[in-house]
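Student: I would like to learn how to read cavities and aromatic contacts in a model. Can we take them in turn?
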Amino acid sequence: MPRFIFTRHLSDIVPRSIPVEGETVGKALEAVLIRYPRLQSYLLDDQGQLRTHVRIFVDETLMDTFDDPVTASSEVYVLQALSGG
Amino acid sequence: MDDQFYIGTRKGLFRARRANDGKWLIEGPEFRSSPVTMVLRDSRDGAEYAALNLGHFGPHLWRKMPGAAWEEIETPAFPREAGGTAVSMIWALEPGGPDQEGRLWLGTLPGGLFRSDDRGAHWMLVQTLWDHPERAKWAGGGYDDPGIHSICVRPDDPEAIAVGVSVGGVWHTRDGGASWALSGPGMVASYMPGPMQNDPAVQDPHRLVQCPANPDVLWVQHHCGIFRSTDWGESWHRIQVGVTSDFGFAVVVHPRDPEQAWFAPAVSDEIRIPVDDALVVSHTGNGGGQFRLLETGLPGPGAYDLVYRHALEINSSGTCLAMGSTTGNLWVSDDAGESWTCISQHLPPIYCIRF
């Protein structure tokens, strides 16, 4: 089962590590959002697009689209840009 | 609530309150380390609202009912459509009329006006303003997108609302948002080419306020000076300050006396620091006929504080002013600005103050 690993910045919203079912990043993320609906507006903007300063990696590859595949052993990292002060 | 106020900063929400010995105490922060772009206490029901702008994770809105804990409520959002836009910041939040309990008006970057009738549980874009053909002339000012920073609901007719847009002029509705019209002539946008300078749709009001006791009187601190209307925006006239710069962001008007207004001047568009490196407040008591500089207790020379548009406030009785700066300094005046007391020099950059 693929596993989501979230940045500590979101620790008030979602656990750091969650195993979920899904064959693509998008399907797996939908499963996360069902359990943690508040998370949606933190990751996605009004139009359902990934926020500009959020990055998703599948293992060591930057996600291209939410249709990118994930496997049972995938780790999906949700990170924020290292900017601001 | 005249003896306490909120301070929205880059690093959280603070509260200032006057202790029994008369001194001001600062408490907080709540929303530790999060930028707070707007705050409101609704006197109709005691609800408190805080708008956060989390750099990576977008704008979010929280509400605290009396005796309850803060809870996150719905963030206003634009309808989903191809090429659609997204709220990037909540910049204005105002209650509806005294008899419209639960109604709120909210302004955003990029230029959305939203309404709620249930204390922010749900929000609806005011499509009539968003779809207005003249909106095509709006442009970004200090931000990439235009934004709504001022919402003035008439106390005597809460269906009549004036909205200030940077950069997009002042807009009026008399029917609760069903239809909109631009303010009349008089403001001048000297940054525009020739004849376009007088177009009401390209004006950059940095801040729009109305006198609660006489809402026909509106004051604007504009990018290109100070303007005043005595006919609820049918026409505007330029105010000559004389004693200092007429550039700045903030303006407050006395709650009962529409002739009195206070400003926090900076040098100019190109030089956004205090004139002569000394922070002052300028004040008129006769509708802009004359101004005086109020500087007792304010720093300088050697002061580089800038006062943002929401960071100068007056309480509802007109007895107390509070002012915060980008440098994290916070001052209070208990004598209508004649003298100021610095109550903190160590806050984060201050975005907004609200009694």
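Student: How much space lies in the largest cavity?

Tutor: This is a predicted model, where local features need pLDDT of at least 70, side-chain atom pairs count only at pLDDT 80 or more, and totals for chains, interfaces and linings use all residues. Residues are numbered from 1 along each chain as its sequence is written, chains are lettered from A in the order in which they are written, and side-chain values use heavy atoms, without hydrogens and water. A cavity is a set of points on a 1 Å grid over the protein atoms alone where a 1.4 Å probe fits but cannot get out. Its volume is the space filled by probe spheres set on the points, joined across faces, edges and corners. Here the largest cavity holds about 80 Å³.

Student: Which residues line the largest cavity?

Tutor: Lining residues have an atom within 4 Å of a point. Among them are Met38(B), His149(B), Arg207(B) and Cys352(B).

Student: How does a pair of aromatic rings get described?

Tutor: By the distance of the centres and the angle of the planes. Rings of Phe, Tyr and Trp (its six-membered ring) pair if their centres lie within 6.5 Å; planes under 30 degrees apart are stacked, over 60 edge-to-face, the rest tilted. The count is 13 aromatic pairs over all chains. One of them, Phe4(A) with Phe6(A), is stacked, at 5.5 Å centre to centre and 15° between the planes. Ring pairs also link Phe5(B), Trp24(B) and Phe355(B) into a cluster.

Student: Which residue lies over the face of Trp130(B)?

Tutor: A charge sits over a ring if NZ of Lys or CZ of Arg is within 6 Å of the ring centre and within 35 degrees of the ring normal. Arg135(B) lies over Trp130(B), 3.5 Å from the ring centre. Arg154(B) lies over the face of Trp232(B), at 5.5 Å.

Methods. On a 1 Å grid over the protein atoms alone, a cavity is a set of points where a 1.4 Å probe fits but cannot get out, and a pocket is an open set with protein on both sides within 12 Å along at least five of seven lines; lining residues have an atom within 4 Å of a point.
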